Amino acid sequence: MILGRAGVVEEEEAEGFRDIVAEMAAATVEANVVDFLPFLGWFGFGSVERKMRLVQEKRERFMENFIGKHGGGGGEKNLIGFLLDLQRYEAECYTDEMIRNFLLVIIQGAIHTTATTLEWAFSHLLANQHTIQARARAEIDNLVGRSRLLDGSDLPGLPYLGCIISETLRMHPAAPLLMPHVSSEECRVGGFHVPRGTMLLVNAWEIQNSPETWKDPERFSPGRFEGGKNGFESEFKFLPFGRGRRACPGQRLAMEMVGVALGCLIQCFEWEKIGEIDMKEGKGVVTTRLQPLRAKLAPRPFLANLLS
Ligand code: HEM
């Protein structure tokens, strides 16, 4: 999206950013003792803040190089090129810092969340190989056939694939506590008095995995989203992208990215799990798997013709 259709990110660059995301994720799960006892900061405690600052410096350096490398003219204009053009006309608004952070938010907000969702969806498909996976493949084969690859325009005709993604986001919302919000006015939530200016965290994971809101919440059952409902129109019991003015602006793109990636992987390969699939979740601001998913794949016979 940032680099346009022709843009290519080299493996080394991608690896560099993956390391930064991993460092950031590791720092965010550590408790910061200075938050509770601020005076300890004078005695050299507060390593979390130090780590965060270092990662932030790394992110800024990475982004500066990224913009320098991919923002230059030549070829199709990409998002970086557009932002740099705007900087020429409105320099006080489109500062280097604003452009850097704007791109960072998009990359950081988009990558880990969609990759994690894809990995969880696949974990459940492999665990339910003969039922859910077979049904999803039949739906894709019926609509798309075997002479071309599935693309974004097919997704409205693949409702069961959409249900698999919704059910994955219900069980493993990528951002389990959404983002911290601050009450702009005094209010009451669930009977509790919330003063103005209070930081509020919404535990979407709990809401979406509670037997009070969902029947058999521990069962992966895409069928519960069938019948034209994708869950997003329901009350506040399904909110993997948050709600309201600060809800995720990348929701549609995320559903399309995960849909196309998952759909193509189902369409093109026969998958087999390696051993039993452990569904334990790791710690962090993003709901990752505790153990990386391991699977075997074999191309389906028609793929050779398609690629030749
Ligand atoms: C499966 C994928 C994704 C999930 C589950 C997800 C989830 C979320 C959630 C829960 C929030 C906070 C909402 C709140 O606190 O009310 C958020 C914010 C945000 N997301 Fe996503 N997101 C995903 C993909 C993306 C993508 C693809 C992009 C951009 C291309 C993106 C960009 C953002 C941005 C910029 C914000 C901050 C919005 C603001 O503060 O106003 N996200 N996302």
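1. Arg300 sits in the loop between β6 (295–299) and α10 (302–307); helices (H or I, at least four residues) and strands (E, at least two) are DSSP runs numbered from the N terminus. Arg300 counts as buried because its relative accessibility is 6%, where buried means under 20% relative accessible area with a 1.4 Å probe and protein chains only.

2. This is a predicted model, in which local features need pLDDT of at least 70 and side-chain atom pairs pLDDT 80 or more, while totals for chains, interfaces and linings use all residues. Residues are numbered from 1 along each chain as its sequence is written, and side-chain values use heavy atoms, without hydrogens and water.

3. Cys248 (SG) is the only protein donor of the ligand's iron atom, at 2.3 Å. Donors are N, O and S atoms within 2.8 Å of the metal (3.2 Å for Na, K and Ca); water is not among the atoms, so sites may look incomplete. Cys248 lies in the loop between α8 (204–208) and α9 (251–268).

4. The ligand is surrounded by 22 residues, the closest being Val105, Met179, His181, Arg246 and Cys248 (a residue is near if one of its heavy atoms lies within 4 Å). α5 (96–127) and α9 each supply at least two residues of this shell, and α5 gives the most, with 7 residues.

5. Polar contacts are pairs of N or O atoms within 3.5 Å. A ligand oxygen atom is 2.6 Å from a side-chain N or O atom of His181, and one is 2.6 Å from a side-chain N or O atom of Arg246.

How values were computed:
Buried means under 20% relative accessible area, exposed over 50%, partly exposed in between (1.4 Å probe, protein chains only). A polar contact is a pair of N or O atoms within 3.5 Å; within protein, one must be able to donate a hydrogen and the other to accept it, and residues adjacent in sequence count only if both atoms are side-chain atoms.
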